[in-house]
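Here's a quick briefing to read alongside the model. Have the sequence open next to it, and follow the residues as they come up.

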Amino acid sequence: MSAEQEHPKKAFGWAARDSSGVLSPFNFSRRETGEKDVTFKVAYCGICHSDLHLIKNELESTEWGASTYPLVPGHEIVGVVTEVGSKVEKFKVGDKVGVGCMVGSCHSCDNCANNLENYCPRWIPTFGGKYHDGTTTYGGYSDIMVADEHFVVNIPDNLPLDGAAPLLCAGITTYSPLRYFGLDKPGMHVGVAGLGGLGHVAVKFAKAMGVKVTVISTSPGKEEEAIKHLHADSFLVCRDEDQMQAAMGTMDGIIDTVSANHPLLPYIDLLKSHGKLVMVGAPEKRPELPVFPLLMGRKIVAGSCIGGMKETQEMIDFAAKHNVTADIEVIPIDYVNTAMERLAKTDVRYRFVIDIGNTLKPSS
């Protein structure tokens, strides 16, 4: 038995016990701080839509696979370092840090060698996965977190922890494709489809990069929010044929954050030649992909999933420099089941963040 298993850290959080998705208090153990580990007291944890899917085992038929219980969700985790291992080089006690969607990878494949741990075939999710030692990974709806320093990011002092938490998922999910697909050049015209947890952050990053942003939505009522609050340059109602027709061929790229099933052709038609439609939402059903409109303009439909650790730190530093944070509703831990119900109805603007530090109290 390893020293880490002999002397585990007592931890407390909230977990789902079955696919009903109801969360309740849960006592468990974290591994002891290893030589390359960072241990931190969790201050806040954002609620991602995938948390809702996974506690209800709604992704069993997808690449995610079946959920395993008990399941402690949360992969938008921020807090303050309380202990570091003897070989940790990047962090010290008292630092503000975060952990996002992954806590491990193989470190030996081409993707890992190129700072793309997110595409490692053996990447380890922050919760609901199996760690190198065979133990289950537990997420951030908990009082403490232990992670290898490679998968921990530094949170600059000027970035508020609560507003920074969702950037560890929603932020990198939208920042990475803007950068990789070259949609970050001032003067470009980028569409953002969907104005939710992902979409509102995509608008903020794109604006900070200096591009012209058009929000594309099914909801006319979101226009004022998009223009006045998020400072998008224009707004398109995708069900308005006249508006869509007038905007055809005007966009260099579109970040498609919509997770509901939807046709791709209307978005493809909005692209200029060489335009890129990048999907970061994950619709349940496979979309139809019309090929001819792609041929007539050398257009691209692509996908993107979070980002590697180097790019995640770059994103956080960019957010601190440009004052980009998520729009959040901070909640106590005992509100989490109600928050999940509201999230299922998209009744949040735009991300719930759990105040772990002030409201999570150990059970007797």
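Does Arg 298 count as buried or exposed? Arg 298 counts as exposed, at 62% relative accessibility; the cut-offs are under 20% relative accessible area for buried, over 50% for exposed and partly exposed in between, with a 1.4 Å probe and protein chains only. Before going further, note that this is a predicted model, where local features need pLDDT of at least 70, side-chain atom pairs count only at pLDDT 80 or more, and totals for chains, interfaces and linings use all residues. Residues are numbered from 1 along each chain as its sequence is written, and side-chain values use heavy atoms, leaving out hydrogens and water.

- Arg 298 isn't a glycine, yet has a positive phi of about 50°; it lies in the loop between helix 10 (292-295) and strand 15 (300-303). Helices here are DSSP runs of H or I with at least four residues, strands are runs of E with at least two, and both are numbered from the N terminus.
- Asn 57 is another non-glycine with a positive phi, about 55°, and sits in the loop between helix 2 and strand 4.
- Tyr 69 and Pro 70 are joined by a cis peptide bond, with omega about -5°. Pro 70 belongs to the loop between helix 2 (49-55) and strand 4 (77-84).
- Arg 349 to Tyr 350 is a cis peptide bond too, with omega near -5°, and Tyr 350 is in the loop between helix 12 (336-344) and strand 17.

**Pro 73**

- Pro 73 is in the loop between helix 2 and strand 4, and counts as buried at 0% relative accessibility.
- Leaving out residues up to four places away in sequence, Pro 73 touches Trp 14, Leu 23, Asp 51, Ile 55, Phe 127, Gly 139, Gly 140 and Tyr 141. Contact here means heavy atoms within 4.5 Å.

**Helices 5 and 11**

- Helix 5 is mostly covered, with 9 of its 11 residues buried. Among them are Ala 170, Ile 172, Tyr 175 and Leu 178.
- The cover over the buried residues of helix 5 includes strand 10 (189-193), helix 6, strand 13 (251-256), strand 14 (271-279), helix 11 and strand 17 (351-355).
- Just after helix 5, Gly 182 has a positive phi of about 70°.
- Helix 11 has 14 residues and reaches 20 Å from first C-alpha to last, close to the 20 Å expected at 1.5 Å a residue. That expected span is 1.5 Å times one less than the number of residues.
- The buried residues of helix 11 include Met 309, Glu 311, Gln 313 and Phe 318. As a group, the buried residues of helix 11 pack against strand 6 (102-104), strand 9 (153-154), helix 5 (170-180) and helix 6.
- Just after helix 11, Asn 323 takes a positive phi of about 60°.

**Aromatic pairs**

- There are 7 aromatic pairs in the structure. Rings of Phe, Tyr and Trp (its six-membered ring) pair if their centres lie within 6.5 Å, with planes under 30 degrees apart called stacked, over 60 edge-to-face and the rest tilted.
- One of these is the tilted pair of Phe 205 and Phe 318, 5.9 Å centre to centre with 45° between the planes.
- Phe 205 lies in helix 6 (residues 197-208) and Phe 318 in helix 11 (residues 309-322), so the pair ties together parts 113 residues apart in sequence.
- Both Phe 205 and Phe 318 are buried.
- Phe 26, Phe 28 and Tyr 138 make up one aromatic cluster.

**Cavities**

- The structure holds 2 cavities of 30 Å³ or more. On a 1 Å grid over the protein atoms alone, a cavity is a set of points where a 1.4 Å probe fits but cannot get out, and lining residues have an atom within 4 Å of a point.
- The largest cavity has about 70 Å³ of space, where volume is the space filled by probe spheres set on the points, which are joined across faces, edges and corners.
- Residues lining the largest cavity include Cys 101, Phe 151, Ile 172, Met 309 and Thr 312.
- The second largest cavity has about 40 Å³, and its lining includes Trp 64, His 75, Cys 101 and Trp 123.

Key
On a 1 Å grid over the protein atoms alone, a cavity is a set of points where a 1.4 Å probe fits but cannot get out, and a pocket is an open set with protein on both sides within 12 Å along at least five of seven lines; lining residues have an atom within 4 Å of a point.
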